[in-house]
Amino acid sequence: MITTIPSNRERFQIKLTIMALMPFELGIRVYDPEHPNSYYFRRKAAFAKANSKREFVIALPVSPEVLEMEVFDKNHADDDAFEIVNVKIEKMPALAVWATDDQHRFLEFAIQFAQKAGYVPPGFYESTDNEFLFQYLDKITDPFGTELITPARTHRKMPRVQISQRLFKSYTIPIRVAILAHEGCHWFLNTRSQTTADLCGMKQYLDYGFPTIEAVYAVTKVFGKNPEMVGASQIERTKDVINFIENYRANE
């Protein structure tokens, strides 16, 4: 089931209520139909019992001119396993990101790039005032040409971020924003600490209104594809982010 939404680049959220008629696995995708690899929301959820009902809140703090929302059974071509009980669109609260002016400018530039990263070619992308520079690479490599698993990294001597197109194309727009906010915090705070950059970037990301679950995905995505890289520090880092998100939500 596909629904067209005239989003008009506005901030809003969708409340979607689903009733399972039998056990099944639900898929939800919200995307820009005019550009490939441009998902604003992507989720799956298992319904273990018939006649069970769930509400999904789809936060869209940024949007293109038009969105499409696809709700489907992930394992069967027909959609006989569920019913859409209700769809409600609500405005989101006004933007309230507590950050410096240059951090605001970086975040807006990062969001603009995240929205187009799925279809633009590799190259250099500058902010309108030439303050920030993104170097979009086919992939990020070490000096010997071996691909690194990091989706992005910050140059220590100037506000330049290198980004892996191969990895970024597969991420949702919120995940791209979370990663870029993290990289921006490395620069603005002049820190090598991943946890410090995680929590700084996460605060900006959540203040902007992006969905919390995508923030966890942003931290775990690379580790999930490369389990051999997971160690105590990565596990602790993920716990720190999850605790931060829980505290943030408890104090909203």
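How many aromatic pairs does the structure hold?

## Aromatic pairs

The structure holds 16 aromatic pairs (rings of Phe, Tyr and Trp, the last by its six-membered ring, with centres within 6.5 Å). The rings of phenylalanine 106 and phenylalanine 134 have centres 5.8 Å apart and planes at 80°, so this pair is edge-to-face (planes over 60 degrees apart; under 30 is stacked and the rest tilted). Phenylalanine 106 belongs to helix 1 (residues 101-116) and phenylalanine 134 to strand 9 (residues 133-137), so the pair ties together parts 28 residues apart in sequence. Helices (H or I, at least four residues) and strands (E, at least two) are DSSP runs, numbered from the N terminus.

Phenylalanine 106 and phenylalanine 134 are buried (under 20% relative accessible area, with a 1.4 Å probe and protein chains only). One aromatic cluster is formed by Phe106, Phe109, Phe113, Tyr125, Phe132, Phe134, Tyr136 and Phe188.

## Basis of the model

This is a predicted model, in which local features need pLDDT of at least 70 and side-chain atom pairs count only at pLDDT 80 or more, while totals for chains, interfaces and linings use all residues. Residues are numbered from 1 along each chain as its sequence is written, and side-chain values use heavy atoms, leaving out hydrogens and water.

## Helix 3 and helix 4

The axes of helix 3 (residues 173-189) and helix 4 (residues 194-208) come within 7 Å and cross at roughly 125°; axes are lines fitted to C-alpha atoms over the stretch in contact, and angles run from 0 to 180 degrees between N-to-C directions.

Residues of helix 3 including Pro174, Cys185 and Leu189 meet residues of helix 4, among them Gln194, Cys200 and Tyr205 (heavy atoms within 4.5 Å).

How values were computed: Buried < 20%, exposed > 50% of the residue type's maximum accessible area, 1.4 Å probe, protein only.
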